[in-house]
Amino acid sequence: GTISGELPEVFSFEATAGKMWEITAQLPEFGEKFLGIYKFDNREYWETLIANDSGSGAGGQPRIRPFIAPEDGTYYIALFYQDWNDEFGEFDFTLNYNPSTLLSLAPGTPIVDVVNSETGDVQYGFMGQAGQLVRITLQKLSDEGGLGLNVYSAEDEVIVYMGRESRQATFDVALPLDGFYEFVIRNSSYDFFSTLEYSILIELPEK
């Protein structure tokens, strides 16, 4: 469809608790982008925004992956776009909504991959238990690019790391909750077109 800078485009969908979804949008390259998922059901307004993104996908496009519905019910997708040169213009957009899968991190098995403008941020999943000690080793294998890592529990951020000039980072973390953790690897280089080749390894050392 088309979107203007005055109002968001809003869509609704039904989701089952625990189901994993991927929501992506394609908008003009330049401008301010925002993709949000909301749930109402008489919640306080600050509790209605469930997930959001402004450019973690390929080419800096908005992408929420994975979205795991916390409960059964109706959710709303709001898509915003503001062109910096044409505040009231209308612009083409595409919104994609699909079931999603996520590669899981297995203890003791390193993963080697790349992250750049074509891949967007790279994400992995990990099922952990409260109090479990996890060692995370992230290594830069390329000359270009910069290391960036965020780890999220279902409730909060567990790790936020940006090591633009670092070659390796190791974290020992006692997990706060039982359940699913999302690992997001970013290219923290100022060069948007650079490619970061990396390896990530999860280990379970004894306490």
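Reader: What makes Arg-135 and Asp-172 a salt bridge?

Author: In this predicted model, the closest N and O atoms of Arg-135 and Asp-172 are 2.7 Å apart. A salt bridge needs a side-chain nitrogen of Lys or Arg within 4 Å of a carboxyl oxygen of Asp or Glu, so the pair qualifies. Arg-135 lies in strand 12 and Asp-172 in strand 15, so the bridge ties together parts 37 residues apart in sequence.

Reader: Why is Arg-135 called partly exposed?

Author: Its relative accessibility is 30%. Buried means under 20% and exposed means over 50%, so a value in between is called partly exposed. Asp-172, at 47%, is partly exposed by that rule.

Reader: How do you know that Lys-39 and Asp-41 form a salt bridge?

Author: Their N to O distance is 2.1 Å, and the limit is 4 Å, so the pair counts.

Reader: Which residues are linked with Lys-39 and Asp-41 in a network of salt bridges?

Author: Arg-43 and Glu-71 belong to that network. The closest N and O atoms of Arg-43 and Glu-71 are 3.2 Å apart, and they form a salt bridge. This pair links distant parts of the chain, 28 residues apart.

Conventions:
Residues numbered from 1 in each chain as written. Predicted model: local features only at pLDDT ≥ 70, side-chain atom pairs only at ≥ 80, totals over all residues. Heavy atoms only, no water. Helix = DSSP H or I, 4+ residues; strand = E, 2+ residues; numbered from the N terminus. Buried < 20%, exposed > 50% of the residue type's maximum accessible area, 1.4 Å probe, protein only.
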